[in-house]
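Please look at the sequence and the model first, then read the points below.

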Amino acid sequence: MKITKIREKLASIRGGVISSASRIDFILGYKIRNYFFPKANNKATILFWNVINTPLLNFDKKISLYESIPYFKKLKNYQKIKESLRLVQKLRNIMAHWELDEKKSNCKNIAMFTLVGKYRKIAINDSLIEDYRKHINFLLKEFGYSR
């Protein structure tokens, strides 16, 4: 019974993290599009839907593009935005690709691990999720969106 509760809690956390990270991914793409085309027009639409919002420009590449544009580097909160984007990306990747360690997990600390590259582990707990939510809310605010 206990492991079922842990799996359910992890599924809920995974869904929330992946959903919010997808939203940030989309909004970041839109911010990049607005850099190149501040006003909506046919070329802006083509750029967004055929280049920026495609598998060719994944979340990591969008963040790297954001990091390379001088205009964004001059923004007041650029460093915090960059750090928040990378944290969101990291937790999203953990939720999407890492495995549950059933033996080391409980409802307060869900242990996850990966064997890709080298063995790594993380404890998913309320503190980590609260920190993640703060980064999501910060990014939404900085990008001009509300929750």
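Where does Asp101 lie? Asp101 is found in the loop that runs between strand E1 (99-100) and strand E2 (110-114). The model is a predicted one, in which local features need pLDDT of at least 70, side-chain atom pairs count only at pLDDT 80 or more, and totals for chains, interfaces and linings use all residues. Residues are numbered from 1 along each chain as its sequence is written, and side-chain values use heavy atoms, with hydrogens and water left out.

**Overall build**

- The protein chain has six helices and three strands; these are DSSP runs numbered from the N terminus, with helices (H or I) of at least four residues and strands (E) of at least two.
- Read from the N terminus on, the order of the elements is α-α-α-α-α-β-β-β-α.
- Along the principal axes, the C-alpha atoms of the protein chain fill a box of roughly 55 × 30 × 30 Å.
- Of the 147 residues in the protein chain, 35% are buried. Buried means under 20% relative accessible area, exposed means over 50%, and partly exposed is in between (1.4 Å probe, protein chains only).
- Among contacts in the protein chain with a separation of 6 or more, 58% come from residues 24 or more positions apart; a contact means heavy atoms within 4.5 Å.

- Asp101 is buried but has no salt bridge, and the nearest side chain of opposite charge, Lys104, is 4.2 Å away. A salt bridge needs a side-chain nitrogen of Lys or Arg within 4 Å of a carboxyl oxygen of Asp or Glu. For charge, Lys and Arg count as positive and Asp and Glu as negative, while His and the chain ends are not counted.
- Apart from neighbours within four places in sequence, Asp101 is in contact with Ala111, Met112 and Phe113.

**Helix H3**

- Helix H3 covers residues 59-68, and its buried residues are Phe59, Lys62, Ile63, Tyr66 and Glu67. They lie on the same side of H3 because they cover an arc of only 140° around the axis, the arc being that of the directions from the helix axis to the C-beta atoms.
- These buried residues of H3 pack against helix H1 (2-36), helix H2 (42-52), helix H4 (70-73) and helix H5 (78-97).
- The N-terminal end of H3 is capped by Asn58, which has a side-chain oxygen 3.2 Å from the backbone nitrogen of Asp60.

**Salt bridges**

- Side chains of opposite charge can pair when their charged atoms come close.
- The count of salt bridges comes to five.
- One of them joins Asp126 and Lys9, with the closest N and O atoms 3.7 Å apart. This pair links distant parts of the chain, with Asp126 in helix H6 (residues 126-142) and Lys9 in helix H1, 117 residues apart. Lys9 is partly exposed, at a relative accessible area of 27%.
- Another is formed by the side chains of Lys62 and Asp25 (2.5 Å, N to O).
- Asp60 is partly exposed at 32% relative accessibility, and Arg86 is partly exposed at 25%.
- Asp60, Glu67 and Arg86 belong to one network, joined by salt bridges that share partners.

**Aromatic rings**

- The whole structure holds twelve aromatic pairs. Rings of Phe, Tyr and Trp (its six-membered ring) pair if their centres lie within 6.5 Å; planes under 30 degrees apart count as stacked, over 60 as edge-to-face and the rest as tilted.
- Tyr35 and Phe36 have ring centres 5.0 Å apart and planes at 80°, so this pair is edge-to-face. Tyr35 is partly exposed at 34% relative accessibility, and Phe36 is partly exposed at 44%.
- One aromatic cluster is made up of Tyr35, Phe36, Tyr66, Tyr71, Phe72, Tyr78 and Phe143.

**Leu47 in helix H2**

- Leu47 lies in helix H2. Setting aside neighbours within four places in sequence, Leu47 is in contact with Arg33, Phe36, Phe37 and Ile52.
- Leu47 and Ile32 are 15 residues apart in sequence and, C-alpha to C-alpha, 10.0 Å apart in space.

Key. Polar contact = N/O pair within 3.5 Å; in protein donor to acceptor, adjacent residues only side chain to side chain.
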